[in-house]
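Please read it alongside the sequence and the model.

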Amino acid sequence: MKMKKTIYLIVSFGVFFLLNLFSMATVYGENLEWNKGKQIFEVNCAGCHPKGSNIIRRGKNLHSKALEKNGYNSVNSIEQIVTNGKNNMSAFHDRLTAEEINQVANYVFYQAENNWKL
């Protein structure tokens, strides 16, 4: 009986350890992606969009209300405008890879959802 209890405790600890390890790896990976998006934004976008605002056209900011109003309420739609540009917004398809565009679009979408508080 004591042997079964010991084996059960060892197996339980192993499962718990592996689940925590997987969880930490997921969070760490997400943080790396988020940090890449943040870095790309700071280098390429923050000049016109500091903290999600817009120094050229105030109504075209990166806050969730304005994004939704202007039809950019998904990561995909943000990727499209970053890639192709529109009006005063420059296209970045020749300066950023598709992966970088996805990272910055995810960063913008996440920040808009959190009111640019992070």
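## Basis and burial

A residue is called buried under 20% relative accessible area, exposed over 50% and partly exposed in between, with a 1.4 Å probe and protein chains only. Buried residues account for 26% of the 118 residues in the protein.

The model is predicted: local features need pLDDT of at least 70, side-chain atom pairs count only at pLDDT 80 or more, and totals for chains, interfaces and linings use all residues. Residues are numbered from 1 along each chain as its sequence is written, and side-chain values use heavy atoms, with hydrogens and water left out.

## Secondary structure

The protein contains four helices and zero strands, and its elements run α-α-α-α from the N terminus on. Helices (H or I, at least four residues) and strands (E, at least two) are DSSP runs, numbered from the N terminus.

## The loop between α3 and α4

Lysine 86 lies in the loop between α3 (75-84) and α4 (98-113). Aspartate 94 is also placed in the loop between α3 and α4. Its relative accessible area is 60%, so aspartate 94 is exposed. From aspartate 94 to asparagine 84 the C-alpha to C-alpha distance is 9.5 Å, with the two residues 10 apart in sequence.

## Charged side chains

Side chains of opposite charge can pair when their charged atoms come close. A salt bridge is taken as a side-chain nitrogen of Lys or Arg within 4 Å of a carboxyl oxygen of Asp or Glu. The count by this rule is one salt bridge. Arginine 95 and aspartate 94 form a salt bridge through their side chains, at 3.7 Å from N to O. Arginine 95 is partly exposed because its relative accessible area is 48%.

A surface patch of positive charge gathers Arg57, Lys60, Lys69 and Lys86. Patches take residues with over 30% relative accessible area and no salt bridge, like charges being joined within 9 Å and nonpolar side chains (Val, Leu, Ile, Met, Phe, Trp, Tyr) within 5 Å. Lysine 86 has 48% relative accessibility and therefore counts as partly exposed.

## Cysteines

The structure has zero disulfides (a disulfide being a pair of cysteine sulfur atoms within 2.5 Å). Cysteine 45 is in no disulfide, and the nearest cysteine sulfur, that of cysteine 48, is 8.7 Å away. Cysteine 48 likewise is in no disulfide. With a relative accessible area of 13%, cysteine 45 is buried, whereas cysteine 48, at 33%, counts as partly exposed.

Definitions and conventions: Areas by Shrake-Rupley, 256 points an atom, 1.4 Å probe, with all protein chains shown as cover. Lys, Arg positive; Asp, Glu negative; His and termini not counted. Charge placed at Lys NZ, Arg CZ, Asp CG, Glu CD.
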